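Here's a quick briefing to read alongside the model. Have the viewer open and follow along.

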Amino acid sequence: IQGRVPKADYESGRAARGYRCNTRLVAHQGSSGGFKTLRYTDSKGNTCAFYDSTLLVPRDVLSNLLSGDGHGVVVLDMNDPAHPRRTANLTSPAMLSPHESLLVNRKRGLLIAEMGTAATVPGILDIYDVKTDCRHPRKLSTTLSSLFGHESGMSPDGLTYYASGTVAGFAAVDISNPRKPRTIFQQLGVQYHGMRLSNDGRTLYAAHIGEPGPAGLTGAGLRILDVSDIQDRAPNPRVPTLSALTWDNVSIPQVAEPFTRDGHKYLLEVDEFVDLFSARGLGNMQEAPVGAARIINVDDPRRPRIVSNIR
């Protein structure tokens with residue numbers, strides 16, 4: 001629905017048949033999906049998929065029970081991709097409604113989520129071991145680790161989990177001992193969405209929803225933060241902002257995924273649907289900005305620059 005196809009395809013009826021882009025369906029599982037699907041192979045060679053079944057609370061909690069799929073985060077044995085097999089449903093507080101926060105760390109074999117909704121709720125953090133047997137995750141802890149939950153990020157070494165409360169701030173949680181997570185930093189008054197980190201865990205790329213003001217949220221885009229103090233576990237850590245970037249037609253920045261090519265560092269940043277928060281977006285939804293996606297060069301984190309747009 002959010003994609004755009006040639007006018008000729010609408011007029012001829014071609015658009016109604018859909019587009020598979022050289023892919024084909026080999027299997028299907030479940031009747032309700034939320035926001036994340038993750039893949040992981042454990043220490044024994046088993047490959048699993050994890051997906052959250054809750055799009056909206058409480059609607060999906062009831063419908064999933066009636067459908068027989070169960071609720072919470074669904075665990076699938078994917079050793080035979082053509083025949084996925086459900087092996088568990090994770091129903092601890094965060095897994096019942098993880099919203100956009102579900103992440104897996106391949107290095108440590110941890111599956112983590114923070115309770116969230118389309119707005120934000122108290123940040124209850126759930127941590128599971130999936131390295132031993134991904135088909136049957138083992139819960140390690142359930143704790144109140146931040147004031148709010150919605151989106152997330154994790155350092156590549158799997159020692160720090162970042163929780164986002166969107167309009168309510170973000171927190172850094174030390175998960176070096178996954179049985180006893182410890183909040184080591186919390187900042188209110190910032191509007192961060194998805195968060196990703198550099199390979200060394202010292203630079204954080206935050207999708208910035210925008211600053212509140214008379215015209216709604218404005219100035220949305222990307223913020224790049226220095227989280228070296230958090231990575232080094234410095235007492236009273238400082239988290240300076242290295243740079244901020246915005247772009248034309250910005251809507252709701254969702255996440256900026258790092259990648260490298262030909263020795264250069266880039267982000268693939270995506271905005272979600274249309275600008276719902278600014279006066280411009282609310283005034284005429286048909287003409288509201290659609291952010292789409294772009295590639296950003298971050299060789300110098302103090303001077304990020306857009307190198308191409310994907311529309």
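What follows covers a sheet and then a single serine.

Keep in mind that this is a predicted model. Two spots get a look here: an open sheet built from 4 strands, and S101, which counts as buried.

**The sheet**

- The strands run in the order β1-β2-β3-β4, and the pairing is antiparallel.
- At the edges you'll find β1 (37–41) and β4 (85–90); each has a single partner strand, so one side of each is left without a neighbour in the sheet.
- On average, neighbouring strands here are turned by 25° against each other, if you ignore direction.
- Zooming in on one pair, β2 (residues 47–52) and β3 (residues 73–77) are joined in the antiparallel sense over 5 bridges.
- Across from A49 sits L76 in β3.

- Where does S101 sit? Look in the loop between α3 (93–96) and β5 (103–105).
- Is S101 buried or exposed? Its relative accessibility is 0%, and since buried means under 20%, S101 counts as buried.
- Beyond its neighbours within four places in sequence, S101 is in contact with K36, I112, A113, E114, H150, E151, S152 and Y161.
- E114 is worth a click: its backbone nitrogen lies 2.8 Å from a polar atom of the S101 side chain.
- As for V227, it is 126 residues from S101 along the chain, and the C-alpha atoms of the two are separated by 20 Å.

Key
Residues numbered from 1 in each chain as written. Predicted model: local features only at pLDDT ≥ 70, side-chain atom pairs only at ≥ 80, totals over all residues. Heavy atoms only, no water. Pairing = 2+ DSSP bridges. Axes fitted to C-alpha atoms, helices over the stretch in contact; angles between N-to-C directions. Buried < 20%, exposed > 50% of the residue type's maximum accessible area, 1.4 Å probe, protein only. Contact = heavy atoms within 4.5 Å. Polar contact = N/O pair within 3.5 Å; in protein donor to acceptor, adjacent residues only side chain to side chain.
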